[in-house]
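This briefing concerns a single protein chain and the placement of selected residues within it. The points below are grouped by topic.

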Amino acid sequence: LLGELSAAGLRTGIVTSQRRSAADLALSLVGLTGRIDVLATLESTTAHKPEAAPLLIAAASLAAAPAECLYVGDATVDVQAAKAAGMGSVAVTWGAGEPHALRAAAPDQLVTSPDELQALLLASVVSRA
């Protein structure tokens with residue numbers, strides 16, 4: 001998915017509540033070191049999700065306006081943070097969140113598989129062209 005997004009000209013970032021050392025280790029363990037353009041962690045700001053600050057820091061690091069960003073998350077705080085930041089929100093049903101709670105948070109999109117997420121994100125490239 002990251003390769004497809006990069007090939008389509010999309011930049012990616014991760015905003016996590018983990019400490020930088022834990023996030024770096026996780027990226028290394030799954031072979032993603034160097035494949036993410038921006039990593040915002042617990043230490044990046046004093047305000048944390050569902051506040052907008054960590055997402056806004058990531059957007060600024062990408063030199064992107066918040067309205068140009070889609071934030072993908074697996075928890076209701078991710079949807080709340082995206083809304084607070086003025087970003088589109090995409091909730092995924094695999095991960096930490098419960099599907100019914102994610103629906104109740106009213107994300108802009110709710111996807112149930114990585115393939116569906118890829119199609120949605122790549123379609124956003126086409127719609128911007």
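A residue is called buried when its relative accessible area is under 20%, and exposed when that area is over 50%. The model discussed here is predicted. By the cut-off for burial, Asp 78 counts as buried, because its relative accessibility is 5%.

**Helix H4 and its buried face**

- Helix H4 spans residues 76-85, and its buried residues are Asp 78, Val 79, Ala 81, Ala 82 and Ala 85.
- Viewed down the axis of H4, these buried residues fall within an arc of 165 degrees, so they line one face of the helix.
- The cover over the buried residues of H4 includes helix H3, strand S3 (70-73) and strand S4 (88-92).
- Gly 86 follows H4 and has a positive phi, near 80 degrees.

**Asp 78**

- Asp 78 is located in helix H4.
- The side chain of Asp 78 forms a polar contact with the side chain of Lys 49, at 2.8 Å.
- When residues up to four places away in sequence are not counted, Asp 78 touches Lys 49, Tyr 71 and Gly 73.

**Ser 124 in helix H6**

- Ser 124 belongs to helix H6, which comprises residues 114-128.
- Ser 124 counts as buried because its relative accessibility is 17%, and the cut-off for that class is under 20%.
- A polar atom of the Ser 124 side chain lies 2.5 Å from the backbone oxygen of Leu 121.
- Leaving aside residues up to four places away in sequence, Ser 124 touches Leu 10 and Leu 70.

**Exposed loop positions**

- Val 30 lies in the loop between helix H2 (20-29) and strand S2 (38-40).
- With a relative accessible area of 57%, Val 30 is exposed.
- Val 30 also contributes, with Leu 25 and Leu 29, to a nonpolar surface patch of about 330 Å².
- Thr 46 is placed in the loop between S2 and helix H3 (53-61).
- Thr 46 is exposed because its relative accessible area is 80%, whereas the class requires over 50%.
- Thr 46 and Leu 1 are separated by 45 residues in sequence, and their C-alpha atoms are 31 Å apart in space.

Key: Residues are numbered from 1 along each chain as its sequence is written. This is a predicted model: local features need pLDDT of at least 70, side-chain atom pairs count only at pLDDT 80 or more; totals for chains, interfaces and linings use all residues. Side-chain values use heavy atoms; hydrogens and water are left out. Patches are made of residues with over 30% relative accessible area and no salt bridge: like charges are joined within 9 Å, nonpolar side chains (Val, Leu, Ile, Met, Phe, Trp, Tyr) within 5 Å. Accessible areas come from the Shrake-Rupley method with a 1.4 Å probe; for residues, only the protein chains shown count as cover. A salt bridge is a side-chain nitrogen of Lys or Arg within 4 Å of a carboxyl oxygen of Asp or Glu. Helices (H or I, at least four residues) and strands (E, at least two) are DSSP runs, numbered from the N terminus. Buried means under 20% relative accessible area, exposed over 50%, partly exposed in between (1.4 Å probe, protein chains only). The arc is that of the directions from the helix axis to the C-beta atoms. Contact means heavy atoms within 4.5 Å. A polar contact is a pair of N or O atoms within 3.5 Å; within protein, one must be able to donate a hydrogen and the other to accept it, and residues adjacent in sequence count only if both atoms are side-chain atoms.
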